[in-house]
Amino acid sequence: MTTRAMTVAALAMLMLAVELQISAAQTPGGAQPKIPNSSVRVRPSVEPVDLRSGPQLFIDEYLVAEARGVRKVTQQPQRFLDGPILGWKQHTTQPYLTVLRDAETGRFRMWYNYDAGKNCAIAYAESEDGIRWTLPELNILGPDNRLFIIGRSQEHGSYGVSVVDDGRQARDPSRRYKLMWWSGTTEPPGVAVAFSPDGIHWTQYQANPVIPWYPSDHPKAHAGVGDIVDAYWDPIRHRYGAMLKLSGLESDGWPAGPRTAKFHPRIVGASYSDDFVHWKEPWRVIVPEPRDEGALEFYSAGGTIARGPLLISFVRMLHDDYSPDPGVMDERGMTPGIGYTTLATSRDGEHWERHDDIFFDRNHEKGTWDHAMSWIGSAVPVGEELYLYYGGYARGHKIEPTKERQLGLVKIKMDRFVAREASGDQPGLLVTVPLHVRAGAGSQLMLNADASRGRIRVQVRDLNGRVVPGFSFDDCQPITADGVALPLAWKTNIDGQMKPGLIDLARLNDQTIRLEFEITNSKLFGFELQPGKMAAVRVGDGPHLFIDDHLIDSSSDLERKSQSPARMDRPIVGLANHPDGRVSPGTIIYDPQRDTFRLWYWTAGERVKNALRYIESKDPTSWTGQGEVTLQLAGDQGKILVDEGERAARDPQRKYKMAAFPERPLIGTGVFFSPDGKQWTAYEGNPVLPYYPFGHELWRVSVGDIVDPYWDPVRGQYGMFVKMYTTSDREFGVNSRTMQRGMGLRLTGMSVSDDFMHWSRPWRIFEPDFRDGQGAIEFYGGEVIARGDLLIAFVLILRDDLGEEGIGYTVLASSRDGRTWTRHREPILQANPSADFDRVMAWVKTVTMKDDTVYMVYSGRDKGHKTGYRQIGLATLPRDRYVARAARQGREGILRTSLLTYRGGVPRGLWLNADASRGQITVRVLDAQGKPIAGLEQSQPVTGDGLALPVRWSQPLASVGAQPFHLEFALRDAAVFGFSFQDESLASGTEVRTAAQRVP
């Protein structure tokens, strides 16, 4: 057994390389290939949205499952001043600035570009109200407000001023303030940074530039940053970010403006950093699209802020081919150019969506100081408003830059970027995607809305579509006011009178629901759950794994790391068993009573499509001979379940259950039963889920030829992943291998059943989304296991658009409610280019566990999706070690769990699945107010590498009693995978054996 695991970054680089190869092959004349970008269109989420993350805004479509009679309307900030706040008399020469508000004094602080050329400097201003500004005499470079010179070289100027304040809790107070600009004086030119303890006295970083510029003929020209930079702090991912000017290439074919090199229009790139010094190589995020008119360019994007789970940036749009006044040209006979601001949003910090509607337009009144251009550069919350500072140009892009580029201010009510609006007396309806609620006593749902001329009502539905009692439209107290935080209340009958506010959202705690908004002659901008008293999550013994964030209240200086399994470098069943090389895994089960592994797998059938075979082995790495044929199937492969305990005793003749996709007598998902796993009988009511042909009115709920059943012990029901399809190729695009024109891509849906015979109508759970970027990503079902309260799926990903014949890999998904799933992007198992049998595909089809080891049996393919050999491989992981939360190097990582309530009475102890072999972990137990509980303030250091490492305090954990509590982990050079509450006598595998010990 050898470990041949690629990192996530390696997979990304592989995909990028393959995409470039494909692009090169498709580029006529051997021209430079097109560069991938992370510009996306966000669709409604099929994954549950966690409402703990702050305000939920309707800027993009992520939250909107359905809208009828509702329009999406971009709002406009208000101009309320007669002129600029700083102008040419204060030496403003560029539209770039940063305004921050000091959290302690409330004072507004501004940094801006002062003068041009060799004298270009960073300057400073202050204000008590953000409107009227003073220029302090700093006496650093003279009796003025300049901080330091950024200058220019013979070939390049220096531009920009982007400041980030780490606050009083800055890790290094001498670097509390961080400054970024584009320097033409460094060698090579590029992004420069400086640091300051007070925002006044700056020290330039000695190794500038931190991101270099590259000339157009350089191999990395696509990543060479240009002379516009905008830095920000990303509080969601706890890192610094930057929006940067990049340049297009000749191969892009984008039209350029009259002042831009023929094939080099300005576009927007992005980067991020943990320390403001070491930055990821920039990648494209905002580029021209086919829907754009004229020679559209982008002057980067500034003022980036986080609102809830959303990053919002303000894109400076440039049309150098347009004139602010029709027919008017500049002194060189060129169109002067116009500029305005649009919105861009990101939900992961890496993929950005540019919204087409103008958010802040230039001033169309001729002769005004911002008539040609209005570019937002900084955003500052002030009470219930957002102050937006911008650069304005009077007559055009390059006209009188030392006199006609000035700085202004507009404002808008907080979070009112985009409205969902219904006009008139006819109500509109907006239905959200699934939302996960964490709500305690006193919690409220707050609306940001203007219903002063109408009303808004809200009702709650569960995932089965039923209105939750007490939360109907009729129960709702209508919103009829205008406010950014309007409390919503539902009424209840008290002594014959309907009274609002008595139904608490705590009734919905830890549930996944949908909200329905009935909007009448009103505007809805967003909503926010104010959780009230902290709500506890009821937990049992466990294990409780950190695959998702469900049990995490907060964390710092930790990284989420998907683990890589060890795998055999040869197939366990393949050409040696079946020379035709058409072997696919079905189901593997470990039988502890016989200490035997049992494997069902599929081969070519005799005069039918597939044959199901059965084989046993004491050693999961060694399977000899050919399995016994137990079923000849005219149809596509399926998977087997084995009922246990009461379920098996209830109907011994149906102890073994299988779902497959028979093609006759009727095509669709069919089920089969067996008393022993060898003699199978088809259910007479097949198909239990029908197939409908493309174009049929029920095509959207039609199932395809991939079925993966499983048992859900948490809810006591059967589940099944099924292949579904996009409604058409217009939904997500088309794959070149899709058999029928217009059919689109393969998706994964889900159905549930109480008896394995009567199944619910399927619904989608996995489909492409913005995190997947560009290309045709498809889904081939998956394997599901249960660990504690968590369902874990091994999801099969197909990229038929990459490689010679497609590539495939496996990722994890998790579910807490048994109906909605969160798909995690990092591969758990991926193709192994250095091997033979799994060189292009590695799909985990079936999983079993023995002792302390997870055995993942997968389908390996050597050439492609539809070509080459198919053989069966084996990979292993230590028990429950799918995802780690690991301390960043050299730092102490802190993870605090959600407030927990132990449903087993009193917790008897705590055991960690952790690797602290090179460091240590300590654990504190905190009460609901976050205060340490006596005797549990600090555990003894946990060291070593184990699946069940005991945690010890001066008092037993049982002293916590029945009260709710947090666990707070402090990690140094360590990683934690999960924890459990159980007696030490029940904790198995206290040490992780090495890979050589784990697998023969």
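# Exercises on strands, loops and backbone geometry

Of the 10 residues of strand β6 (residues 92–101), 8 are buried, so this strand is largely enclosed by the rest of the structure. The model is predicted.

**Exercise 1.** Determine which strand is joined to β6 by bridges, and in which sense the two run.

*Solution.* 
- Step 1. The partner is strand β7 (residues 108–114), and 6 bridges join it to β6.
- Step 2. The two strands run antiparallel.
- Step 3. β6 and β7 form a hairpin, with 6 residues between them. In the turn, Gly-106 has a positive phi of about 80 degrees.

**Exercise 2.** Work out the strand order of the open sheet of 4 strands, and state which strands stand at its edges.

*Solution.* 
- Step 1. The order is β16-β17-β18-β19, and the pairing is antiparallel.
- Step 2. β16 (229–234) and β19 (283–286) each have a single partner strand, so they stand at the edges and one side of each lacks a neighbour in the sheet.
- Step 3. With direction ignored, neighbouring strands of this sheet are turned by 35 degrees against each other on average.
- Step 4. Within it, Asp-230 has Met-243 of β17 as its bridge partner.

**Exercise 3.** Find the two residues other than glycine, Asp-415 and Asp-595, in their loops, and decide for each whether it is buried or partly exposed.

*Solution.* 
- Step 1. Most residues other than glycine have a negative phi, and most peptide bonds are trans.
- Step 2. Asp-415 has a positive phi of about 70 degrees. Its place is in the loop between β26 (405–413) and β27 (418–422).
- Step 3. The relative accessibility of Asp-415 is 7%, so it counts as buried, the cut-off being under 20%.
- Step 4. Asp-595 has a positive phi near 50 degrees. This residue is found in the loop between β42 (584–591) and β43 (596–604).
- Step 5. With a relative accessible area of 34%, Asp-595 is partly exposed.

**Exercise 4.** State what the omega values are for the cis peptide bonds from Glu-187 to Pro-188 and from Gly-542 to Pro-543, and where the prolines lie.

*Solution.* 
- Step 1. For Glu-187 to Pro-188, omega is near 0 degrees and the bond is cis. Pro-188 is in the loop between β12 (177–183) and β13 (190–196).
- Step 2. For Gly-542 to Pro-543, omega is near 10 degrees, again in a cis bond. Pro-543 is in the loop between β37 (537–539) and β38 (544–545).

**Exercise 5.** Identify which residues make a nonpolar surface patch of about 200 Å², and place Ile-140 in the chain.

*Solution.* 
- Step 1. The patch is made by Ile-140, Leu-141 and Ile-149.
- Step 2. Ile-140 is in the loop between β9 (133–134) and β10 (146–149).
- Step 3. The relative accessible area of Ile-140 is 33%, so this residue is partly exposed.

**Exercise 6.** State how many disulfides the structure holds, and classify Cys-120 and Cys-476 as buried or exposed.

*Solution.* 
- Step 1. A disulfide is a covalent bond between the sulfur atoms of two cysteines.
- Step 2. The structure holds 0 disulfides.
- Step 3. Cys-120 has 3% relative accessibility and counts as buried. Cys-476, at 2% relative accessibility, counts as buried too.

Conventions
Residues numbered from 1 in each chain as written. Predicted model: local features only at pLDDT ≥ 70, side-chain atom pairs only at ≥ 80, totals over all residues. Heavy atoms only, no water. Pairing = 2+ DSSP bridges. Axes fitted to C-alpha atoms, helices over the stretch in contact; angles between N-to-C directions. Buried < 20%, exposed > 50% of the residue type's maximum accessible area, 1.4 Å probe, protein only. Patch = residues over 30% accessible without salt bridge, like charges linked within 9 Å, V, L, I, M, F, W, Y side chains within 5 Å. Areas by Shrake-Rupley, 256 points an atom, 1.4 Å probe, with all protein chains shown as cover. Salt bridge = Lys/Arg side-chain N within 4 Å of Asp/Glu carboxyl O. Disulfide = S-S within 2.5 Å.
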